[in-house]
Amino acid sequence: MKPMSAIQRKEFSENLNLKIDQVGQAKSPALINQSISKTGWQEPFLSPLVTVHAALLRTDKVLFIAGSATDLRIFEQTCPNPNTREINSCPADPNDTTVCPPWGLTDSCTVWDPNQGTFSRPAVPLDNTGKPIDIFCVGHSFLPDGRLLAGGGTSGYAPDRGTTSTLVFDPIDQKWIKVASMNSGRWYPTFVTLGSGRVFNMTGINNQGNDVAFNPEIFSRSGWTSFSKATSKFPTYAQLFLLSNGKIFYSGASFNENDIITPRILTLPKDFSRPIKEVEVRGLYEDPKNLDPENPKDQRNHATSVLLPPAQDQRVMIIGGGSKFTIGGKTTETVYIADLKKPNPTYRQAPSLSSSRMHVNAVILPDRTVFVCNGSVIGEDTNLALLPSEIYNPATNTWTVVEAQGVPHVYHSIALLLPDGSVVTGGGTPTGACNELRMQVYRPSYMSQPRPVIQSIPGKIGYGAKFTVQTPQAQNIKWVNLIRPSATTHSCDTEQRLVDVRITSINTSSLDVKVTRNRNLAPPGWYMLFITDRNNIPSVASWIQLT
């Protein structure tokens, strides 16, 4: 392939934008004019780009990010047959330059409005060379005001190199802005919002591409501050969870092979010149079905992990994973849970999945269960990827197998909860050979039932606050939940958590409730508030800001 000139690249970009606009004009069939009784997986629809990253915004919309999506030749593509509904492998051939031409731009993100079924295209800021910043493989988490902080990304390949760029996305005006850069380049970093509202950042391949950046940083209003002491050699996209005591738990799940670091709890010092304390959490690698006895730590590549609902229980579950990144690796169906309230927590085996899988995603549902989907039995093999979804109930410690999805989503796939209680899935770049543009929505069985209704709540509450939820079903409500919106990529979601809101009294048409005082249990920011009745049927969410 011949490289494009600047003029050719500009002309191609303009033409491609027109094609993307045409795709965006089509309604997403999954959420438009659906019968209320229809549940399970809905018909696929097309995204204008491969959804490597996804973040639910407080406007009910979803930000999807692709960037360069691994392949220098393929930065975006449109389906060769937009009207197709046939379920097979990826819908486009990367060797066909009429479909996947080499494009020198990387401003690949889109905002999806599930209520209208449309896509819009925000511009990405330019780097010092005048090229859009490549936001493929950033880290991200939400700031207290609801904006998304995204840092790192791709500065080059062969070797893979991270960038220091940091951007903030405003969900109201749907624009990116540049903020202070990180002190180290980072590719595949992990971001976690702390109880203070600051953002902790660790791991990620540096801007030389020769190692991982092992000195974590914290973002605040004054920019980024680095810890002077390096941590252990955590893997990229290490899956981290903020605990109620302010410590951070590494679950053992990560991107790619990990042959060094076991699960552990991190204690952040107040002084950036002091080391971060690390305490190992054992039990995960005593698995009797160990995939690789010679390298026991390398079995949770592209596993997923989740802080089980409610967050007050402080239990983290790790699900699936594999021993190799691509086709040829082995996967596991085993599941482990660590109770982090205990003085010396350890992983204990829980009931397994019905199928082994990696590149898997887990989504907390408002009925306090966990929905698991995506992934393949073998690496990125899409022929083994149309697996049944499964739902875990923490109250009964059981799995329920539900309908298999119709589109294979493997490496670079996402899944997240929408405010109506459904789950959207998408993405996938199997073996780097193709971009999977088809998306699907899963509607849990509760969406076919009469649902409680939230009539009004305050727009903003403080920690420890008492407030009123107006609902005509007040007498039948069992739970009030705050669910933090997801910001997910590579099976990693440090944001989602379900926090119980205590019901203090029940009236004829209202609930009096009280929110936690603990900022670490529910970091400041915007949340979806759901009410769930005694039949475990949740409402549609209303947004509320916790400050």
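Gln545 sits in strand β40, which spans residues 542-546. Strands here are DSSP runs of E with at least two residues, helices are runs of H or I with at least four, and both are numbered from the N terminus. The model is predicted, so local features need pLDDT of at least 70 and side-chain atom pairs count only at pLDDT 80 or more, while totals for chains, interfaces and linings use all residues. Residues are numbered from 1 along each chain as its sequence is written, and side-chain values use heavy atoms, with hydrogens and water left out.

**Gln545 and its surroundings**

Gln545 is buried, at a relative accessible area of 11%. Buried means under 20% relative accessible area, exposed means over 50%, and partly exposed falls in between (1.4 Å probe, protein chains only). Neighbours within four places in sequence aside, Gln545 contacts Pro144, Asp145, Gly459, Lys460, Ile461, Gly525 and Trp526. A contact is a pair of heavy atoms within 4.5 Å.

**The chain as a whole**

The protein chain holds 1 helix and 40 strands. It has 547 residues, and 62% of them count as buried. Take the contacts between residues at least 6 apart in sequence: 61% join residues at least 24 apart. The chain exposes about 19,800 Å², with 48% supplied by carbon and sulfur atoms. Accessible areas come from the Shrake-Rupley method with a 1.4 Å probe; for residues, only the protein chains shown count as cover.

**Salt bridges**

Side chains of opposite charge can pair when their charged atoms come close. The whole structure contains 8 salt bridges. Each is a side-chain nitrogen of Lys or Arg within 4 Å of a carboxyl oxygen of Asp or Glu. Among them are these:

| Salt bridge | N to O distance |
|---|---|
| Arg186 and Glu217 | 3.1 Å |
| Glu278 and Arg264 | 2.9 Å |
| Lys341 and Asp339 | 3.4 Å |

Arg186 pairs with Glu217. Arg186 lies in the loop between β12 (175-179) and β13 (190-193), and Glu217 in strand β15 (residues 217-220), so the pair ties together parts 31 residues apart in sequence. Both Arg186 and Glu217 are buried.

Glu278 pairs with Arg264. This pair links distant parts of the chain, 14 residues apart: Glu278 is in strand β20 (residues 277-280) and Arg264 in strand β19 (residues 264-267). Glu278 is partly exposed, with a relative accessible area of 23%. Arg264 counts as buried at 13% relative accessibility.

Lys341 pairs with Asp339. Lys341 counts as exposed, at 51% relative accessibility.
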